[in-house]
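Open the model in your viewer and keep the selection panel at hand. The stops below say what to select and what is there.

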Amino acid sequence: MAEQKWVGTTYGNGWMHKWLIRILQVIDIRLLYGFVAVFVIPVVLIVNPSRGIAYRYFRKRIGYGRLKAAWKTYTNHCLFGQVVVDKFAMYAGKRFDVKTEGMEHINRLNEREEGYIQLSSHVGNYEIAGYTLVAEKKAFNALVFAGEKASVMDNRNKMFGDTKIRMIPLSTDMSHLFTIDNALQNGEIVSMPADRINGSPKFVEREFLGGIARFPQGPFSVATMRGLDVIAVNVMKTSLTKYKIIVTPLDYDKTAKRKEQIEQLSKAYVSTLEQTVKLFPTQWYNYFEFWQ
C-alpha cells in the first residue's frame with residue numbers, strides 16, 4: 001500500500017480564519033460557495049494530487065466512465081470546499097437544517113449508566129454532529145488530531161463552551177488512551193474516527209468498495225475491551241443548507257473471543273460506511289491512496 005500522506009489540518013492561518021468568520025457573518029453563504037467553485041477549486045485541481053486520487057476512486061471504486069469521473073472529481077472538491085465553509089459558518093453563528101435518522105439509538109444509550117463508543121468517518125461533515133447531538137446526561141469526548149490549527153481549536157472550544165463536549169487530542173505518547181479509558185469508566189461517550197490509520201502499526205484489512213483497504217484496529221479494540229455498545233454516525237450534506245445525520249448501531253457478539261469481536265465490529269463498521277458512500281459517493285474526503 002502506498003504511504004498515506006495526510007496533513008490533517010485546516011488550510012490557512014489564524015488571520016485568514018478570523019476574516020472568513022467575519023465575512024460569513026454578513027454575506028449569504030452561497031456567494032462563498034460560488035467563489036470557491038469558480039476560483040479556488042480549479043487551482044486546487046491543478047496543483048494538488050487529490051485530483052488523481054479522487055478520479056481513481058470514482059473510476060475504480062464507484063465505476064464511473066472517464067468523463068463522469070472527471071466531472072465528479074470536480075464536484076467532490078466543490079462539496080469539500082462547502083464543508084469547510086460550513087464549518088466556519090457555524091463559528092460565525094449560522095445554523096443549518098439538520099435532520100437525524102436513528103436518534104432513538106442515541107437516546108437509548110444515553111439513558112444507560114454505561115458509556116459507549118461513537119465511530120465517525122471522513123465523509124460528509126461530522127463536525128456538525130458535535131453541535132447537534134448534545135447529550136444532556138452524558139459527557140461527550142471527541143478524539144481529534146493534535147496538530148489542528150490553534151484558531152480552529154479555539155473556535156471549537158467556543159462552540160462547545162456551554163455543552164458537556166470536550167476534545168481529546170491524539171498524542172504521540174499515547175496518553176490520550178488513558179483519557180479515553182477514564183471517560184469510559186465514568187460512563188461517558190467517546191467519539192473516534194475509524195477510517196484512517198495515521199501511522200498506527202495495528203490495522204484490520206477489509207473488503208471495501210471492491211478492493212482491500214486498511215482500517216485502524218484501535219477504535220474496535222477499545223470497544224471490545226469493555227464490551228461496549230457502538231454506533232456509527234455519519235453526517236451527510238443533502239442540499240446547500242441541509243444535513244442528514246445517520247445513526248447506525250453496530251452489532252457484534254460480546255460473548256465471542258476478543259479477536260472475533262474485533263472482526264465482527266470492524267466488518268459492521270465497514271459495511272455501514274460502504275452503504276453510506278454508495279448513497280453519497282461525492283462526499284468521500286479521504287485524499288490519499290486508500291486501497292492497496
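Select β6 and β7: they form a hairpin with 2 residues between them, and L209 in the turn has a positive phi of about 55 degrees. Strands here are DSSP E runs of at least two residues and helices are H or I runs of at least four, numbered from the N terminus. This is a predicted model, in which local features need pLDDT of at least 70, side-chain atom pairs count only at pLDDT 80 or more, and totals for chains, interfaces and linings use all residues. Residues are numbered from 1 along each chain as its sequence is written, and side-chain values use heavy atoms, with hydrogens and water left out.

Pick E207 and look across to β7, where its bridge partner is I212.

Next, select N125, in the loop between β2 (116-120) and α6 (127-130). N125 counts as buried because its relative accessibility is 5%; buried means under 20% relative accessible area, exposed over 50%, and partly exposed in between, with a 1.4 Å probe and protein chains only. Leaving out residues up to four places away in sequence, N125 touches V83, D86, V235 and Y243, where contact means heavy atoms within 4.5 Å. Show the side chains of N125 and Y243: a polar contact of 3.1 Å joins them. A polar contact is a pair of N or O atoms within 3.5 Å; within protein, one must be able to donate a hydrogen and the other to accept it, and residues adjacent in sequence count only if both atoms are side-chain atoms.

Move to Q261 in helix α10 (residues 258-279). Is Q261 buried or exposed? Q261 is buried, with a relative accessible area of 5%. A polar atom of the Q261 side chain lies 2.7 Å from the backbone oxygen of A256. Neighbours within four places in sequence aside, Q261 is in contact with T224, Y252, D253, K254 and A256.

Now go to V38, in helix α2 (residues 29-47). V38 is exposed, at a relative accessible area of 53%.

Finally, select the whole chain. The chain has 10 helices and 9 strands, and buried residues make up 50% of its 292 residues. Among contacts in the chain with a separation of 6 or more, 74% are between residues 24 or more positions apart.

Definitions and conventions. Pairing = 2+ DSSP bridges.
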